[in-house]
Amino acid sequence: MLDYEKTYAESIKNPEDYWEGIAKELSWYKPWSKVLDWQYPYARWFVGGETNVVYNALDRHLETPVADKTALIWISQDMSERKFTYKQLNTEVSKFANGLKSLGVKKGDKITIYLPRIPEQFIAMLACLKIGAVHSVVYSGFSADALKNRVEDAQAKIVICSNSYPYGKKIIDSKKNVDIALAENKTVEHVIVVERIKNNTNDTNSRIKHIKWNELVTSQSTECKTEVMESSDPAFILYTSGSTGKPKGVIHGHGGYMVGIYATLKYVFDISPDDIFWSTADAGWITGHSYILYSPLINGITTFVYEGTPDFPDIEIWWRLIDKYKITKFYTAPTAIRALMKFGEEHLKKYDFSSLKILGSVGEPINPEAWLWFYKHVGREKIPLMDTWWQTETGMHMITPIPSVKLKPGSAFKPFFGVEADVVDDHGNKVPPNTQGYLIIKKPWPSMFLDVYNNPTRYKETYFEKIPGVYFAGDSAKIDEDGYYWIVGRNDDVIKVSGHRLGSAELESAFVSNPKVAEAAVIGKPHEVKGESIKAFIILKQGVTPSDELKTELVQTVRKSIGPIATPDEIDFVEKLPKTRSGKIMRRVLKAQELGLPVGDTSTLDD
C-alpha cells in the first residue's frame, strides 16, 4: 500500500519523471526522445516513442505465463458463458484484424463499432488498434439518427453491427438502425454483421456490401503483425454529448493513454495477478474503453462482462454473479446503486461477497446515502470504496482515492499522482475551503485527449478559453478543510437561488437522504425575485404513497440538510426520469419540458 501524501508530493515535484517511470513498466518498440511536448493547449506525451495499445494488452503477455490465463469471461443474459485466455483472445483478434485487412482497411482508416456488450465488441476494438485503424464505438442503444451523425462525422469506412440482440425482455433490431443510418452515406464500404440472434438479416442498402462476421473470419490466418504506432497516433474517437450542440468526437492516442489507464487501474484498484475485475459499464462509454477492456488487459488480469441489465432476469443477478465468479474488484455507477437500493438489502444477505476486495463508483457524484449503502451491504463494511472522478476527455481517473487512505462518504478524495487540480472562481482564483467553484486541471496528464475530431476550435473554446492556461472540466466542486474534493455536478446543473450557488447533485442527495425517496432530479426555473427557484422530480420507494404531507416532509428534509435557501418551490412525484443509457439524469430535458423549450439532442436518452 502506497503512502498517498508522500507519493503525491514526489509525483507533483516532477510529473514528467513520475510518468516516465510508469511508462518504462510497459513495452515500446522504440523509446521516446522527449517525455512531454506542451504547446498550450496541446500536449503530446512520449514524443518519438513507438508502441501500440494492443502490443501491451496482448502481445507482451504471449511469451509469459499470462498467455494461458483467462483474459475475458463473458456471461449472456441467458447465463451461457464464453471464456478466452490471452492466447485465445489474441487468436480471435488476429483473425478479425486479417479480415479487416482483406476488406482494404489501412492504418488511419475509421471504423464504427455499433455492437452490444458481446465478446465481438472487444475483439473488434482490439483488432482495429492492432492494424492501426481508428475505432469509434457507438453505444448499441443509440438511435439511427445518433448513429448516422457519428458515422458521418468520423467518415467511417466500415460499420460493425449485430443483426439484433436481447436487452432485458426486448429484442433490439440494431441492423434496422444501421440501414436507416447509412441510407445516404457516402463513405461506408462494408457492413460486418454479427449474428447475435440467429435470424434473417435483411441487407436493405444495396450500395454497401454486407458480410457476416463468421464468414469473414473463417479462413483468416491466426497470426497478424501488430502495427507500430507513434505514441500520439490516434487510437480511437469517442463521441460525448454536452448539454447543447452536436456530440464531440474526442480523440485519444496510443502511448500516453495506455500509460495513464495502466497506472490508475493498478493503484486505484490495487491490482493483483489473480484479480477478476468487473466494470458494469459498456464499451460505448469511456469507462468501457479504459476499465473494461484496455487497462485490465494491459495489467494482465481477468476482465468480467455481463451482457444484461442490473435487474434482468431479476434484481439479484449482480449479487449472484459476484458470488459465483468470485469477483474481486467491482466498479459500477451511483445510478445503478440507487436503483437497487429501493429493493432493500435483505436479499443481499444470502450471497457470499468474501471474494470482493475493492468497490468503485463512476459516472457521477455518489451521494453519501448511496455510498454508505454500497459500503455497508455489498462491502460488508470491510472493503474500501473508490469514488472516481474523470471524463471521456481525461481518459483516466483524475480525482480518486487509493485503498490506503481515509475515506469520506460522497467525496472523491484528492488528485491522482501526477495530476494537479484545483477549484477556482470565474477569474481563475482559488476559492476558500468548502466554497463551490470550477474544477480545473493545471498541467497536462498522459491520457489527455489529443483534440476534438475535425473541430480544433471547439477543443480550444470548450476546454481552454473559459479560464486561460488551465483545463476547464465543466464541473463544479469544492475542497474541504482536509483537502478532500467534493464534486457537485456539471456547471450547467448549478442553480443560483438569491445569489447562492446550489448544485443539483447536492440538492438531490438531500432528497435521497429521506428513507422514502428512491431517486431525485432537481432543476432551476426562472424566478422574478430569487433569480431561480428549485423544482424537484421525485421517484418514491416501492410501497410509499405520494401525498401533500410527504411533500411538506421532503421540504423539511432539504431545509435541514442544506438550509432554508435550498427550500424547493415545487415537488412532482414521477414514475421515471429521463436518463442516458449510461445512467445520467438528463436534467436539461426536464428543464426544457418544464419551460416549454426545445429538448435538443435526445439521442442519448434511454427511454
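Of the 607 residues of the chain, what percentage count as buried? The figure is 61%, where buried means under 20% relative accessible area, exposed means over 50%, and partly exposed is in between (1.4 Å probe, protein chains only). Keep in mind that this is a predicted model: local features need pLDDT of at least 70, side-chain atom pairs count only at pLDDT 80 or more, and totals for chains, interfaces and linings use all residues. Residues are numbered from 1 along each chain as its sequence is written, and side-chain values use heavy atoms, with hydrogens and water left out.

**The chain as a whole**

- The chain has 17 helices and 30 strands; helices (H or I, at least four residues) and strands (E, at least two) are DSSP runs, numbered from the N terminus.
- With a radius of gyration of 24 Å, close to the 25 Å that the globule rule gives for 607 residues, the chain is as compact as a globular protein of that length. That radius is taken over C-alpha atoms, and the globule rule is 2.2 Å times the number of residues to the power 0.38.
- Along the principal axes, the C-alpha atoms fill a box of roughly 70 × 55 × 50 Å.
- Among contacts with a separation of 6 or more, 70% come from residues 24 or more positions apart; contact means heavy atoms within 4.5 Å.

- Strands β28, β29 and β30 form an open sheet of 3 strands, in the order β28-β29-β30, with mixed pairing. Two strands pair if DSSP finds at least two bridges between them.
- At the edges are β28 (517–527) and β30 (570–573), each pairing on one side only.
- From one strand to the next, the twist averages 20°. Axes here are lines fitted to C-alpha atoms, for helices over the stretch in contact, and angles run from 0 to 180 degrees between N-to-C directions.
- β28 runs antiparallel to β29 (residues 531–540) over 10 bridges, and E519 stands opposite I539 in β29.
- Helix α15 (residues 504–512) packs on this sheet and touches β28, β29 and β30, with its direction at about 135° to that of β28.
- Helix α16 (residues 548–561) also packs on the sheet, touching β28, β29 and β30, and its direction makes about 125° with that of β30.

**Strand β4 and its partners**

- Strand β4 (residues 70–75) is largely enclosed by the rest of the structure, because 5 of its 6 residues are buried.
- On the antiparallel side of things, β4 pairs with β5 (residues 81–85) over 5 bridges, and I75 stands opposite E81 in β5.
- The hairpin of β4 and β5 has 5 residues between the strands, and M79 there takes a positive phi near 75°.
- β4 also pairs in the parallel sense with β17 (residues 302–306), over 4 bridges; I73 has F304 in β17 as its bridge partner.

**Helices**

- The axes of α4 (residues 86–102) and α5 (residues 119–130) come within 8 Å and cross at roughly 65°.
- Helix α7 (residues 174–181) is largely enclosed by the rest of the structure, since 6 of its 8 residues are buried. Its buried residues are S174, K175, N177, V178, D179 and A181.

**Two buried residues**

- Y453 sits in the loop between β23 (451–452) and α14 (456–463) and is buried, with a relative accessible area of 13%.
- Although Y453 and K248 are 205 residues apart in sequence, they are 7.4 Å apart in space, C-alpha to C-alpha.
- Not counting residues up to four places away in sequence, Y453 touches several others, including K110, D153, Y239 and I251.
- T240, in strand β14 (residues 234–240), counts as buried at 15% relative accessibility.
- Leaving aside neighbours within four places in sequence, T240 is in contact with P247, K248, V250, T392 and E393.

- Most residues other than glycine have a negative phi, and most peptide bonds are trans.
- A cis peptide bond joins Y40 and P41, with omega about 5°; P41 is in the loop between β1 (34–39) and β2 (42–47).
- Another cis bond runs from F312 to P313, with omega near 5°, and P313 lies in the loop between β17 and α11 (317–325).
- K326 has a positive phi, near 55°, and is partly exposed, with a relative accessible area of 39%.
- R380 has a positive phi near 55° and is partly exposed at 30% relative accessible area.
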